[in-house]
Amino acid sequence: MIPEKIDFAIIGAGPAGMAAAVLAAELGLDTVLIDDQDAPGGQIYRDIERTAQGNSTKTSSLGADYLAGKPLAAALRASSVKYLPGTTVWHIDPDGTLSLYSSDASRTLRARRLLLATGAIERPVPIPGWTLPGVMTAGAAQILLKSADIVPAGRTVLAGQGPLIWLVAAQLIRAGAPPALILETASHHNYWTAADLLLLTEMWPARRALWKGLNLVREVLGAGIPVGSNITGLRAIGRATAGRRVDRVAWDSGSVPADLLLLHEGVIPNTQISLALGLDHRWDEDQLCWRPVVDEWGATSLPAVAIAGDGAGISGAEAAALTGRLATLDAAAFLDKLDPAERDRRATPLRRALNRELEARPFLNRLYRPAPSVLVPPDDVVACRCEEVTVGQIRRAARLGAQGPNQAKAFTRCGMGPCQGRLCGPIVSAVMADTLGKPIAEIGTYRPRAPYKPITLGALAGLLPE
């Protein structure tokens, strides 16, 4: 099968991908936007088109920041971009050939320039009992609210830290399903170290973002939701009488009955494809995650590949859209569609806006820095849910000679299940580093291989010439 040839392929239709695609079309690039979701928006603007059509109850629940995705989606639909929803990229060759599959067809296309706009995933939160039914992430609850108008029933406990904890709590309150309790795991030390930054002059322009966060906290507290702070020893408990579902949430100084536990400890870049491509990555000690090495345009160690949005480092939806546009300007120059001087001129206001969006990031990184116990849980906690491998088994593999996550696969099968290491990867690296007494940067992380997501034999057969 001969690949279809295009100028520019973008993977992911969140804020970075949508903004990049719209600008690329304006600049005359033959552009394809590939999205494994059925509609544009990504996670932050999930189902924005349906919501924007008039579901007033849902609109008021999700808030103004969510509705900011409406003009982006509308601009995408009005553009000349070839949008491929419900389509998964399962392999990319170094020459820019992308292998795709969807419900009705398998195909390949070859792009002269590729932009990864794959966004972020929630940081895994492996606590005792996290595999029990009734324990899920705060982001998963938000997906149900955005895509299906589903809210939790019964006693919901939100536990962890990060802006999303307060946002989801506020959204559930507005939707008529307030949480019973919030357990914030941010330490008092985090608050003190973050407060020091507020005294710096360069933090003053970030007051808009900080004020927005304070308003969310005030809304939640004003609704009478109890909040526990400096929580340690978090665990989910399920008894046989509850059908092995979670029925209680406990921590070092207390416990409460619960029907649903929503966990969240921030988000990390989705690096599955960038790692599989062998792009240079580095350990980010500020955000405690692996991230691709990119320049000011999002360009990577592979000349024809760039990354925009949270996939290159967590920065938020507004910043993601700006980095998507910057990467597109560079792609146009790379493809000789735009003079480099014009590229730089157009980039100047985008960079000013991006700098404003990034001003609050150091504060947030310090305030919501996960505790060591989140990165390195107790030995009896399951680390790899797919293969049911515990933290203790990973430690044993390290002591027996495994020097990194890829070697640990041979000892434990950890990372070889359907999630392909997305959930266990950060845990394995941290546990092995702790066991071997080495920095995580030295231990490394998984090197995923194609297919990037599980595919059927039928999808592979569809690529064969007739």
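**Figure 1. Strand β9 and its neighbour β15 in the predicted model.** Strands β9 and β15 (residues 260-265) pair in the parallel sense, and six bridges connect them. The structure shown here and in the following views is a predicted model. Strand β9 comprises residues 156-161 and is mostly covered, with six of its six residues buried. T156, L158 and G160 point one way from the strand, whereas V157, A159 and Q161 point the other way; all are buried. In a regular strand, side chains alternate between the two faces of the sheet.

**Figure 2. Strand β9 and the crossover to β10.** Strand β10 (residues 181-184) pairs with β9 in the parallel sense over four bridges. In β10, the residue opposite L158 is I182. The chain passes from β9 to β10 through helix α7 (residues 163-174), and this β-α-β crossover is right-handed.

**Figure 3. The five-stranded open sheet and its edge strand β8.** The sheet is open and has the strand order β8-β15-β9-β10-β11, with parallel pairing. Its edge strands are β8 (135-137) and β11 (227-228), each of which pairs on one side only. Strands β8 and β15 run parallel and are joined by three bridges. T137 has L263 of β15 as its bridge partner.

**Figure 4. Packing of helices α11 and α12.** Two packed helices are described by the angle between their axes and the distance between the axes. The axes of α11 (residues 317-334) and α12 (residues 340-358) come within 9 Å and cross at roughly 160 degrees. Because angles over 145 degrees count as roughly antiparallel, α11 is roughly antiparallel to α12. The crossing of α11 past α12 is left-handed.

**Figure 5. The salt bridge between D36 and K453.** The side chains of D36 and K453 form a salt bridge with an N to O distance of 2.5 Å. The pair links distant parts of the chain, 417 residues apart: D36 is in the loop between β2 (31-34) and α2 (48-52), and K453 is in the loop between α18 (440-443) and α19 (457-461). D36 has a relative accessibility of 35% and therefore counts as partly exposed. K453, at 30% relative accessibility, is also classed as partly exposed.

**Figure 6. The salt bridge between R50 and D47.** In the salt bridge between R50 and D47, the closest N and O atoms are 2.7 Å apart. R50 is partly exposed, with a relative accessible area of 38%. D47 has a relative accessibility of 18% and so counts as buried, the cut-off for this class being under 20%.

**Figure 7. The salt bridge between E387 and R413.** E387 and R413 form a salt bridge in which the closest N and O atoms are 3.3 Å apart. This pair links distant parts of the chain, 26 residues apart: E387 is in the loop between β20 (382-384) and β21 (389-390), and R413 is in the loop between α16 (405-412) and α17 (425-436). E387 is partly exposed at a relative accessible area of 26%. R413 is likewise partly exposed, with a value of 43%.

**Figure 8. A network of salt bridges.** Salt bridges link R113, D330, R343 and D344 in a network. A search of the whole structure finds 21 salt bridges.

Key
Residues numbered from 1 in each chain as written. Predicted model: local features only at pLDDT ≥ 70, side-chain atom pairs only at ≥ 80, totals over all residues. Heavy atoms only, no water. Salt bridge = Lys/Arg side-chain N within 4 Å of Asp/Glu carboxyl O. Helix = DSSP H or I, 4+ residues; strand = E, 2+ residues; numbered from the N terminus. Buried < 20%, exposed > 50% of the residue type's maximum accessible area, 1.4 Å probe, protein only. Pairing = 2+ DSSP bridges. Right-handed = clockwise from strand over helix to strand, strands pointing away. Axes fitted to C-alpha atoms, helices over the stretch in contact; angles between N-to-C directions. Parallel < 35°, antiparallel > 145°, perpendicular 65-115°, else oblique. Left-handed = near helix turned anticlockwise from the far one by under 90°.
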